[in-house]
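Thanks for making the time this morning.

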Amino acid sequence: MSNAAVLPQITDEVLASLAQAEGVCIRPLLNKVTDTATGETHLVPIRCGSTREAVCPPCAQRNRRLRMQQCREGWHLDTEPESEADAQANSANDDDRDLGNDDGDLGEVARRVRSTRRRQDAPDLPRLPVESRTIGKVFEAPDGRRFRPSMFATFTLPSYGRVRPDGTPVDPDRYDYRRAALDAMHFPKLVDRLWQNLRRATGYRVQYFAAVEPQRRLAPHLHAAIRGAIPRQVFRQVVAATYHQVWWPRFDRPVFTEDRMPVWSTEVEGYVDLATGEPLPTWGEGLDRLDAELETDPGLPPTHVVRFGTQLDLQG
Ligand SMILES: [Zn+2]
């Protein structure tokens with residue numbers, strides 16, 4: 001068979017399944033590297049490194065094996081394995097970085113100076129200085145044996161209405177779909193806040209291995225194995241007090257509907273509102289408008305607030 005006959009059959013799907021069978025990344029990034037001495041150029045594939053099976057099974061499996069190894073080797077360590085460089089980086093305390101910046105969520109590259117008006121109120125929690133240690137409390141038994149217990153926790157979002165055993169709402173008319181959707185969208189931010197608050201309330205750099213799973217009602221929940229024993233009362237207090245305020249341009253009413261859609265304008269090279277002739281605002285302009293609204297009305301509530309539900313499962 002000639003090459004010409006074979007080539008048309010090599011589709012992206014064929015390549016992807018071949019890559020998967022060989023256990024290599026199915027969507028590598030190709031980097032062109034030029035040797036400055038010889039002037040020779042060659043392509044270097046870089047793994048996509050995804051942790052999601054749906055995105056790239058070989059990379060996800062590779063990452064899974066790495067996490068398992070990290071867990072096996074690191075979970076029971078009784079000394080901090082950090083190098084001096086790590087310790088220095090830690091003293092800058094990245095837990096104090098601002099987790100409240102939503103501005104980049106929609107892919108805006110330019111860094112914005114975050115408006116102080118779009119605030120993240122501090123939760124009502126005890127706050128300890130976070131020490132640069134990851135090892136939890138050590139308990140000593142009467143016979144002198146030492147224990148460093150771990151915990152297993154499941155964090156769940158609130159109820160949006162009763163559901164049947166298959167996860168569908170008992171009363172679809174009264175089920176809070178809107179809140180369920182918004183909570184699911186902003187769940188990762190809530191989880192970031194949780195670890196930040198937990199570290200501040202316990203005073204050490206709490207470490208965990210966690211997985212996000214959809215419940216039957218399709219709300220995400222988080223299972224986490226946590227290094228160190230945290231008093232249940234502190235844990236419950238942190239979970240109850242943790243929330244994330246979403247400051248997005250208002251989206252509580254549809255601006256464009258089927259009979260009135262924006263149209264593409266070659267003149268402004270963007271979509272315009274037919275009624276006004278104005279180009280649609282960018283995400284940044286939307287946030288600027290929100291800031292202006294907050295300027296006139298500082299009491300304006302955030303666009304959405306996400307918190308955990310009352311259901312919290314703690315073991316260990
Ligand atoms: Zn990959």
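**The sheet and the zinc site**

Let me begin with strand S5, residues 150–155, and strand S7, residues 220–227, which run antiparallel and are joined by six bridges. Within that pair, Ser 150 is the residue that stands opposite Arg 227 in S7. Please keep in mind throughout that this is a predicted model.

Stepping back to the sheet itself, we have four strands in the order S6-S7-S5-S12, forming an open sheet with antiparallel pairing. Strand S6 (208–214) and strand S12 (312–315) are the edge strands, each of them pairing on one side only. On average, and ignoring direction, neighbouring strands of this sheet are turned by 15° against each other.

Helix H5, residues 177–202, lies across S5, S6 and S7, and runs at about 25° to S7, while helix H6, residues 232–241, lies across S5, S7 and S12, and runs at about 155° to S12.

Now to the zinc ion, whose protein donors are the SG atoms of Cys 25, Cys 48, Cys 56 and Cys 59, at 2.2 to 2.3 Å from the ion. Why do we call the arrangement tetrahedral? Because the four donor atoms subtend angles of 104 to 114° around the zinc ion. In sequence, the spacing of the donor residues reads C-x22-C-x7-C-x2-C. Cys 25, in the loop between helix H2 (12–22) and strand S1 (29–34), and Cys 59, in helix H3 (residues 57–74), are 34 residues apart, so that this pair links distant parts of the chain. Cys 25 counts as buried at 10% relative accessibility, and Cys 59 is buried as well, with a relative accessible area of 2%.

Definitions and conventions:
Residues numbered from 1 in each chain as written. Predicted model: local features only at pLDDT ≥ 70, side-chain atom pairs only at ≥ 80, totals over all residues. Heavy atoms only, no water. Donors = N, O, S within 2.8 Å, 3.2 Å for Na, K, Ca; no water. Tetrahedral: all angles 85-135°; square planar, octahedral: opposite > 155°, others 65-115°. Helix = DSSP H or I, 4+ residues; strand = E, 2+ residues; numbered from the N terminus. Buried < 20%, exposed > 50% of the residue type's maximum accessible area, 1.4 Å probe, protein only. Pairing = 2+ DSSP bridges. Axes fitted to C-alpha atoms, helices over the stretch in contact; angles between N-to-C directions. Contact = heavy atoms within 4.5 Å.
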